[in-house]
Amino acid sequence: MATKGKRTRAIEQTVDKTKAYTISEAVKLVKSNAKAKFDESIEIAINLGVDPKYADQQVRSVVNLPAGTGKDVRVAVFAKDKKAEEALAAGADIVGAEDLFEKVNGGFMDFDRVIATPDMMGLVGRLGKVLGPRGLMPNPKVGTVTPNVTQAVKDAKGGAVEFKVEKAGIVHAGVGKASFTDADIEKNVQAFISAVVKARPSGAKGTFVRKVTLSSTMGAGVMIDLAEAKG
């Protein structure tokens, strides 16, 4: 059995696993333990009272984090003519139509978000087996299939985060970096929790939000008081 490192044990000793912290307390604790030589990501995980195998218990949406993500998001846009020009002007990293289809179909995946205009979905749909498993398939429900490519690109670059419940009933996402101020991380955490609660599906019964945990890339998880995550 592998033994934990000295640093890991020291971090875990600062966290009371039986205690539910306020968002403010959790952020301070997670940040104080983010001592790696790189700027650790701050991540949130929410355990939900849903069974994703049922269609009426799916949870999927998008949230604009007020303080951004701290990441350089590479955006690919499927668009033509004027819409392609608009996407480039808005800051998209890669823009194309049939040419971009061929690149992606051939294995090119140097992007983090895919946006498409509605008229491009007949083409993009053929990339389902490539984009789907990576969670990159454009979807009108999260604003990535839209004629307003300018706003979609700006949102993606500025802090829009998509989330989708996993098989185990968990939603997770990055909500900032350890270098962010406490206030900025708190705002992002609150915005993300609110968006998840708002996305509660019709088939969810009983307690929706069952557990919320905040952690850094190399740190221990800190449980957040559910009184601050009404669901």
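A residue is called buried when its relative accessible area is under 20%, exposed when that area is over 50%, and partly exposed in between, as computed with a 1.4 Å probe on protein chains only. The structure is a predicted model, in which local features need pLDDT of at least 70, side-chain atom pairs count only at pLDDT 80 or more, and totals for chains, interfaces and linings use all residues. Residues are numbered from 1 along each chain as its sequence is written, and side-chain values use heavy atoms, with hydrogens and water left out.

The chain is divided by the domain assignment into domain 1 (15–69 + 160–224) and domain 2 (75–158), the bounds being taken from an automatic or database domain assignment. Taken over C-alpha atoms, the centres of domain 1 and domain 2 are separated by 27 Å. The contact between them, where contact means heavy atoms within 4.5 Å, takes 9 residues from domain 1 and 8 residues from domain 2. About 700 Å² is buried between domain 1 and domain 2, with 40% of it on carbon and sulfur atoms; buried area here is the accessible area (1.4 Å probe) that two parts lose on being put together, summed over both. On the side of domain 1, the residues that lose the most area to domain 2 are Arg-60, Ala-160 and Glu-162, which together account for 70% of what that side buries. The rule finds 1 salt bridge across the interface of domain 1 and domain 2, a salt bridge being a side-chain nitrogen of Lys or Arg within 4 Å of a carboxyl oxygen of Asp or Glu. The side chains of Glu-162 and Arg-113 meet in a salt bridge, with an N to O distance of 3.6 Å.

Secondary structure is described by DSSP runs numbered from the N terminus, with helices (H or I) of at least four residues and strands (E) of at least two, and two strands are taken to pair if DSSP finds at least two bridges between them. An open sheet of 3 strands, with parallel pairing, has the order β4-β3-β5. Its edge strands, each of which pairs on one side only, are β4 (94–96) and β5 (113–116), and the twist averages 15° from one strand to the next. Such angles run from 0 to 180 degrees between N-to-C directions, the axes being lines fitted to C-alpha atoms, for helices over the stretch in contact. Strand β3 (residues 75–78) pairs with β4 in the parallel sense over 3 bridges, and within this pairing Val-77 has Val-95 in β4 as its bridge partner. On β5, 4 bridges join the strand to β3, again in parallel, and Val-75 stands opposite Arg-113. From β5, Arg-113 and Ile-115 point one way while Val-114 and Ala-116 point the other way, and all are buried. Asp-81, found in helix α3 (residues 81–90), has a phi near 50°, a positive value in a residue other than glycine. Asp-81 counts as exposed because its relative accessibility is 65%.

A further open sheet is formed by 4 strands in the order β7-β1-β8-β9, with antiparallel pairing. The edge strands are β7 (170–177) and β9, each pairing on one side only, and the twist averages 25° from one strand to the next. Strands β1 (residues 41–48) and β8 (residues 209–216) run antiparallel and are joined by 7 bridges; in β8, Ser-216 is the bridge partner of Ile-42. Ser-215, also found in strand β8, is buried because its relative accessible area is 16%. When residues up to four places away in sequence are not counted, Ser-215 touches Val-30, Ser-41, Ile-42, Glu-43, Ala-220 and Gly-221.

Leu-65 has its place in the loop between β2 (60–64) and β3, and counts as buried because its relative accessibility is 4%. Its contacts, not counting residues up to four places away in sequence, are with Gly-158, Gly-159, Val-161, Gly-174, Val-175, Asn-188 and Phe-192. The C-alpha atoms of Leu-65 and Gly-176 are separated by 8.9 Å, although these residues lie 111 residues apart along the chain. Ala-227, in the segment after β9 (222–224), is exposed because its relative accessible area is 53%. Between the C-alpha atoms of Ala-227 and Tyr-21, which are 206 residues apart along the chain, the separation is 10.0 Å.
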